[in-house]
Amino acid sequence: HPAKVKKGGEDAFFFRSSLDGGAIGVADGVGGYSEYGIDPGMFSRTLMQQLSQSEAKQTQVNPASALREAQEATRLPGASTAVVLQLNGTSREATYANVGDSGIRVLRDGKIVYA
């Protein structure tokens with residue numbers, strides 16, 4: 001939405017890649033908080049910043065724990081849907097956690113194999 005551009009939108013993400021795997025997180029700030037003078041984008045950006053910092057301290061983390069810790073460290077009013085996905089390069093497994101209506105899809109050969 002053009003009116004959200006000045007503030008940087010309401011969404012945020014982080015991404016980390018390494019030889020042992022990586023992680024990605026996406027947050028979608030709850031726009032309704034703007035009716036109370038609260039910037040929903042600030043909450044989602046801070047949440048992803050906290051998640052990125054927490055995730056970067058360890059090679060492999062529990063996505064649910066990391067998301068919970070990031071939320072507790074985000075000491076701002078507001079709310080966000082969020083998803084974080086951890087990739088393990090050794091076991092070739094992915095684990096994830098989500099809050100709200102966010103989620104993941106796994107595609108193989110152009111077909112959805114997990115949703």
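Reader: What should I know about the model and its numbering before reading it?

Author: The model is predicted, so local features need pLDDT of at least 70 and side-chain atom pairs count only at pLDDT 80 or more, while totals for chains, interfaces and linings use all residues. Residues are numbered from 1 along each chain as its sequence is written, and side-chain values use heavy atoms, with hydrogens and water left out.

Reader: How many residues does the largest nonpolar core have?

Author: A nonpolar core is a set of buried Ala, Val, Leu, Ile, Met, Phe, Trp, Tyr and Cys residues joined through side-chain atoms within 4.5 Å. Buried means under 20% relative accessible area, exposed over 50%, and partly exposed in between (1.4 Å probe, protein chains only). Here the largest such core has 15 residues, and those with the most contacts inside it include Phe14, Leu47, Leu51 and Val84. Strands S1 (11–18), S2 (21–29) and S3 (80–88) and helices H1 (40–56) and H2 (63–73) each supply at least two of its residues. H1 gives the largest share, four residues. Helices (H or I, at least four residues) and strands (E, at least two) are DSSP runs, numbered from the N terminus.

Reader: Which residues does leucine 51 touch?

Author: Contact means heavy atoms within 4.5 Å. Not counting residues up to four places away in sequence, leucine 51 touches Phe14, Ala66, Leu67, Ala70 and Val84.

Reader: In which sense do S3 and S4 pair?

Author: Two strands pair if DSSP finds at least two bridges between them. S3 and S4 (residues 93–99) are antiparallel, over seven bridges. Glutamine 86 stands opposite threonine 95 in S4. The hairpin of S3 and S4 has four residues between the strands, and arginine 92 there takes a positive phi near 60°.

Reader: With which residue does arginine 45 form a salt bridge?

Author: Side chains of opposite charge can pair when their charged atoms come close. The rule asks for a side-chain nitrogen of Lys or Arg within 4 Å of a carboxyl oxygen of Asp or Glu. By this rule the count is one salt bridge. Arginine 45 forms a salt bridge with aspartate 39, with the closest N and O atoms 3.5 Å apart. Arginine 45 is partly exposed, at 28% relative accessibility.

Reader: Is threonine 74 buried or exposed?

Author: Threonine 74 is buried, because its relative accessible area is 4%. Threonine 74 lies in the loop between H2 and S3. Leaving aside neighbours within four places in sequence, threonine 74 is in contact with Phe43, Thr46, Leu47 and Gln50.
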